[in-house]
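Me: I would like to learn how to read a protein model feature by feature, with the general idea given ahead of each case. Could we go through it together, slowly?

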Amino acid sequence: MVTAADQETDNNPYASPTTWREWTRFVDTEPPCLPGTGPWNAEERLDYHSQFVILSTPAMAKISLTLRRLMILNWRHNGTARRGLLISGPPTTGKTTTLQQLGRSFHLADRARHNSFDERLPVAFLSVPPAATPKMLVSELARFLDLPIGKTMNQARITDIVCGALRDLSTQLVLVDDVHLLNTRTRIGAETSDQMKHLSERLPATFVYAGVAIEASPLLTGSRGAQLAGRFKMVRNPPLAYGSPTQRTAWEGLVRGMDQALRLQAHRPDTLTRHAPYLHQRTGGRIGSLSALVREAAIAAILDGSEKITKRLLDDIDLDELAEQAARPPAQT
């Protein structure tokens, strides 16, 4: 039976996947911002721009290289103390997008190496549920794998089933989003953190955690936090600066990529690129805020029939409150 949630995911393959089928659909769906002729029917273009994603960021290249090195180290290391990666940054800086695109790239590369579509699942994706318990966490992985887990099964039994399945599927990369929700100062949070550590020791896989301001979160406090910090390397994903020539070039390249991906009938190339300083001022260099602004502007341009993005249109769109506060001039005293 297809549920409403399934239908929503079918319509938007870039929503956070919660099952291996959704993850595979995400991997197999060509990202909207790749150049190409693109859809031109109005409804198709509305759908296209609602799914707009940014594929390449300055942080992504560094994260990809770091992850590749860690995976090689882990593959050649037979012990259980495998190295992992933490991706940390403020809200709306593109951490989840980075996590998913890392996984997608690795999944496609693994498929090309092994010429296999059905017998392997090289990447598993998990979002930490709010107020997660150890059983909830491992049950989320079981749900991702579509494993038949009975209500009476205990945590240890579910863990055995999940680890066995991930081993059978040759899973090499486990992506865990929203780890800042784990409060290790509480008993349940500490036990859930221990469950994650247990999984990383039982599986021959590299774990990547992403979350908001991980370095300031309870996840890295106390003895458990010290142990995690001793095994995981942190890469920060901050808002992009715009001060130096190198920083401006990076931001303008990001904006140019979005400009080239627009499918508006009256769009003139490099319109967005010319507004790069303004877009940085509006969004504070936050990739998530930039993506939301451009996507909403494109949708508005289709709905009002103008089929182009202007500075006036961008001005008329309210952003998330975090970006609005950053762009707002300080109050006069």
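Reply: Let us begin with Leu 254, which lies in helix α10, where helices (H or I, at least four residues) and strands (E, at least two) are DSSP runs numbered from the N terminus. This is a predicted model, in which local features need pLDDT of at least 70 and side-chain atom pairs count only at pLDDT 80 or more, while totals for chains, interfaces and linings use all residues. Residues are numbered from 1 along each chain as its sequence is written, and side-chain values use heavy atoms, with hydrogens and water left out.

Me: Is Leu 254 buried or exposed?

Reply: A residue is called buried under 20% relative accessible area, exposed over 50%, and partly exposed in between (1.4 Å probe, protein chains only). Leu 254 counts as buried because its relative accessibility is 6%. In the protein as a whole, buried residues make up 46% of the 333 residues.

Me: Which residues is Leu 254 in contact with, leaving aside its neighbours within four places in sequence?

Reply: Contact means heavy atoms within 4.5 Å, and with those neighbours left aside Leu 254 is in contact with Ile 54, Ser 56, Thr 57, Leu 240, Ile 287 and Leu 290. The C-alpha atoms of Leu 254 and Pro 58 are separated by 8.5 Å, although the two residues are 196 residues apart along the chain. Over the whole protein, of the contacts with a separation of 6 or more, 71% are accounted for by residues 24 or more positions apart.

Me: How many aromatic pairs does a search of the whole structure find?

Reply: Rings of Phe, Tyr and Trp (its six-membered ring) pair if their centres lie within 6.5 Å, and planes under 30 degrees apart count as stacked, over 60 as edge-to-face and the rest as tilted. The search finds four such pairs. One of them is the tilted pair of Trp 23 and Phe 26, at 5.3 Å centre to centre with 40° between the planes. Both residues lie in helix α2 (residues 20-28), three residues apart, which is about one turn of the helix. Trp 23 is buried at 0% relative accessibility, and Phe 26 is buried with a relative accessible area of 0%.

Another aromatic pair, that of Tyr 209 and Phe 232, is stacked, with 4.8 Å centre to centre and 20° between the planes. Tyr 209 lies in strand β4 (residues 206-212) and Phe 232 in strand β5 (residues 232-236), so this pair ties together parts that are 23 residues apart in sequence. Tyr 209 is buried, with a relative accessible area of 3%, and Phe 232 counts as buried at 11%.

Me: What volume does the largest cavity have, and which residues lie closest to its centre?

Reply: Rolling a probe the size of a water molecule over the atoms shows where empty space is left. On a 1 Å grid over the protein atoms alone, a cavity is a set of points where a 1.4 Å probe fits but cannot get out, and lining residues have an atom within 4 Å of a point. Grid points are joined across faces, edges and corners, and a volume is the space filled by probe spheres set on the points. The largest cavity has a volume of about 60 Å³. Of the 11 residues that line this cavity, the closest to its centre are Arg 82, Arg 83, Ser 200, Phe 207 and Phe 232.

How values were computed: On a 1 Å grid over the protein atoms alone, a cavity is a set of points where a 1.4 Å probe fits but cannot get out, and a pocket is an open set with protein on both sides within 12 Å along at least five of seven lines; lining residues have an atom within 4 Å of a point.
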